Amino acid sequence: MKHIKTTGLAAIVALGLSTTGASASYCSDGNTVKFAGISWESGAFITEVIMNILETGYDCQVDSIPGNSITLEQAVANNDIQIFAEEWLGRSDIWNKAVDQGKVVAIGKTFVGASEGWFVPDYVIKGDEKRGIEPMAPDLKSVTQLSDPKYVELFTDPEEPSKGRFLNCPSGWTCEGISTAKLEAYQLDDHYVNFRPGTGTALDAAIKSAYLQGEPLLFYYWSPTAMMGKFNLIQLDEPAYSDACWAELSKSDGKREEACAFPSVDVAYGVNSTFAKEAPEIAAVLEKATFPLEDVNGSLAYMADNEVDADVAAKEFLKTKADVWGEWVSPEAKAKIEDSLK
């Protein structure tokens with residue numbers, strides 16, 4: 001993807017591998033490693049795991065700063081925050097500009113195999129015999145069909161019943177801007193209310209409530225998430241991705257003449273460039289720290305099933321998945337982390 005710059009990254013990581021104690025010095029000098037306080041489940045979980053690793057394995061002071069993704073990305077560019085643990089590369093104007101200016105670098109791969117798009121519950125298309133639900137839209141396959149009045153009526157907005165409702169991301173999330181641009185480009189903005197829940201938790205609650213009641217719902221979602229593991233969801237087709245189409249969709253002032261599928265997903269640790277040079281051993285850890293997607297989904301399901309927060313799930317991951325994260329850190333750090341979990 002053209003927005004990803006890794007110039008100098010190999011040198012940063014190599015320096016970390018050859019300069020023992022460089023990041024420990026960064027931390028022991030009293031510097032705090034500040035993380036973006038990502039509010040969505042997978043980002044919150046991954047952030048807590050990496051914070052725990054740095055705090056217990058490398059004696060770092062760590063903190064997470066709350067905010068929406070756009071604000072947090074700008075803070076990484078300014079070095080007010082050092083690490084954005086789940087940066088979906090190429091999605092954000094703010095991030096792309098910071099890359100072009102050399103203020104941030106993408107390090108490693110947080111996970112691979114993620115996806116995103118517009119979804120409906122499977123019973124909308126297939127029905128659910130066990131629950132006594134008949135198919136509501138058996139012919140629905142594509143986003144391009146959604147302007148049909150029968151689908152607008154199916155997804156009726158309860159507050160504005162002459163329109164359908166599209167359940168978007170919360171305001172301030174990068175995906176909210178993209179889906180808003182798509183609504184306009186697909187010429188759906190006159191047919192659907194662009195409903196933005198206040199938080200990621202509210203988004204999940206709306207999906208869960210509709211699903212358990214067998215109600216029709218049209219919404220944006222992504223993986224990895226606990227929701228994807230718990231419920232059967234069907235992603236609607238979109239026109240094929242193209243660089244030209246996406247370039248317009250991802251600009252706040254871009255043309256809205258056509259829309260297309262989300263691009264294949266590259267997810268990395270978004271890191272301030274100055275910090276990466278000052279803390280090369282931390283950069284080396286991030287370079288290796290790729291979470292298996294099934295472990296992320298499993299941890300998110302653990303959070304949902306046990307009604308625990310990301311910190312508890314992170315500690316459970318560290319206790320039970322040493323074979324995974326142990327490959328990311330030095331033997332000394334691994335021993336310290338394991339001691340902290342006893």
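**Disulfides and a helix pair**

Modeller: Start with Cys 245, which is buried at a relative accessible area of 1%; buried means under 20%, exposed over 50%, partly exposed in between (1.4 Å probe, protein chains only). The model is predicted: local features need pLDDT of at least 70, side-chain atom pairs count only at pLDDT 80 or more, and totals for chains, interfaces and linings use all residues. Residues are numbered from 1 along each chain as its sequence is written, and side-chain values use heavy atoms, with hydrogens and water left out.

Colleague: Which residue does a disulfide join to Cys 245?

Modeller: A disulfide is a pair of cysteine sulfur atoms within 2.5 Å. Here the S to S distance is 2.3 Å. The torsion about the S-S bond is -105°, a left-handed link. The partner of Cys 245 is Cys 260.

Colleague: Is the disulfide of Cys 27 and Cys 60 right-handed or left-handed?

Modeller: The two sulfur atoms, S to S, are 2.1 Å apart. Cys 27 is buried, at 3% relative accessible area. The torsion about the S-S bond is about 75°, so this disulfide is right-handed.

Colleague: At what angle do helix α3 and helix α15 pack?

Modeller: Helices (H or I, at least four residues) are DSSP runs, numbered from the N terminus. Axes are lines fitted to C-alpha atoms, for helices over the stretch in contact, and angles run from 0 to 180 degrees between N-to-C directions. The axes of α3 (residues 41-57) and α15 (residues 310-320) lie 8 Å apart. Their packing angle is about 60°.

Definitions and conventions. Helix = DSSP H or I, 4+ residues; strand = E, 2+ residues; numbered from the N terminus.
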